Amino acid sequence: MIRIRRTALPPDLADRLRERTGRLRAAGADCAGARAEWKSARAVRVRLTDHLTAMATGIRRCMYCGDGLGTDIDHFEPLAAAPLRAFDWPNHLLACSHCNSHEKRELFPRAADGTPLLVDPSAEDPYDHLELVLSTGVYEALTVRGEATIEVFGLNRPDLVRGRAAAFIRTVCMLRDRARLVRPVGLAEDADAETEAAEIAVSLLDQPFADVLYAMLRYRDLPGAEHVLRGKEVVEALADPALHFWS
Ligand SMILES: [Zn+2]
């Protein structure tokens, strides 16, 4: 899970969301009413999906697992708990159908004082609560909220763990390849090498499990980074501003 930057909606779409919310409020809508209104708003949903897709990392990746294709709009705070938030833009995230329908579902745990426990990647940095162990692909919790987030989203399900571990090896190889193409200052320019280096940068961002690169960028300044990131060459490659997608 990585930080997602939420963009503003165009005024006409924001107005349509407000209208729909007003309608729900006037009707005193419960969960069933909110679902029916949401279902009827096909054109709004299509436009929201387009905006979420543009915000998502890589090729329309799920904002929770970073692997599956983001096909569903998830209500972060479920309609069962907050029917009036059906058309609330900050409550919309792009999820794959597995995360939406088989992991998170209607779950929305709260602390004893009522504070939501799940980390919203569009509102805060998940890495304040989660740590990715690159060599194994396993997420470890740094906080109680991290623990709930791992549990509810199933972030350590075996296919994701295996996928992240493989993505780490792949990312290390790509960074080493790219470093060989980036010309040191002072050497003659090589247009083909520059093009290839730029292509590798794009594909690093487009591959599933971008959270692996996200974690590597965060670890590069920490003590022992050379060991964790498989060598000085990789640490140096990560210093390239062209790869600092989330700065
Ligand atoms: Zn997912």
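1. Strands E3 (residues 130–133) and E4 (residues 138–141) run antiparallel and are joined by 4 bridges; strands count as paired if DSSP finds at least two bridges between them. Together E3 and E4 make a hairpin with 4 residues between them, and Gly 137 in the turn has a positive phi of about 80 degrees.

2. A word on what you are looking at. This is a predicted model, in which local features need pLDDT of at least 70 and side-chain atom pairs count only at pLDDT 80 or more, while totals for chains, interfaces and linings use all residues. Residues are numbered from 1 along each chain as its sequence is written.

3. Now the overall picture. The chain has 10 helices and 4 strands (DSSP runs, H or I of at least four residues for helices and E of at least two for strands, numbered from the N terminus). Their order along the sequence is α-α-α-β-β-α-β-β-α-α-α-α-α-α. Along the principal axes, the C-alpha atoms fill a box of roughly 70 × 40 × 25 Å.

4. The chain is assigned domain 1 (11–153) and domain 2 (158–243), with bounds from an automatic or database domain assignment. Over C-alpha atoms, the domain centres are 30 Å apart. In domain 1, 13 residues are in contact with 19 residues of domain 2, contact being C-beta atoms, placed from the backbone, within 7 Å. That side of domain 1 has 6 nonpolar, 5 polar and 2 charged residues (nonpolar: Ala, Val, Leu, Ile, Met, Phe, Trp, Tyr, Cys and Pro; charged: Asp, Glu, Lys and Arg; polar: the others, Gly among them).

5. Helix H6 (residues 158–181) meets helix H8 (residues 210–219) with axes that come within 9 Å and cross at roughly 60 degrees. Axes are lines fitted to C-alpha atoms, for helices over the stretch in contact, and angles run from 0 to 180 degrees between N-to-C directions. H6 is therefore oblique to H8 (under 35 degrees is roughly parallel, over 145 roughly antiparallel, 65 to 115 roughly perpendicular and the rest oblique). Arg 164, Ala 167, Phe 168 and Thr 171 of H6 touch Val 212, Leu 213 and Met 216 of H8.

6. H6 also packs against helix H7 (residues 191–206), at about 160 degrees with axes 9 Å apart, so the two are roughly antiparallel. On the H6 side, Thr 171, Met 174, Asp 177, Arg 178 and Leu 181 take part, meeting H7 residues that include Ile 200 and Leu 204. This contact has 7 nonpolar, 1 polar and 3 charged residues.

Notes: Contact = placed C-beta atoms within 7 Å.
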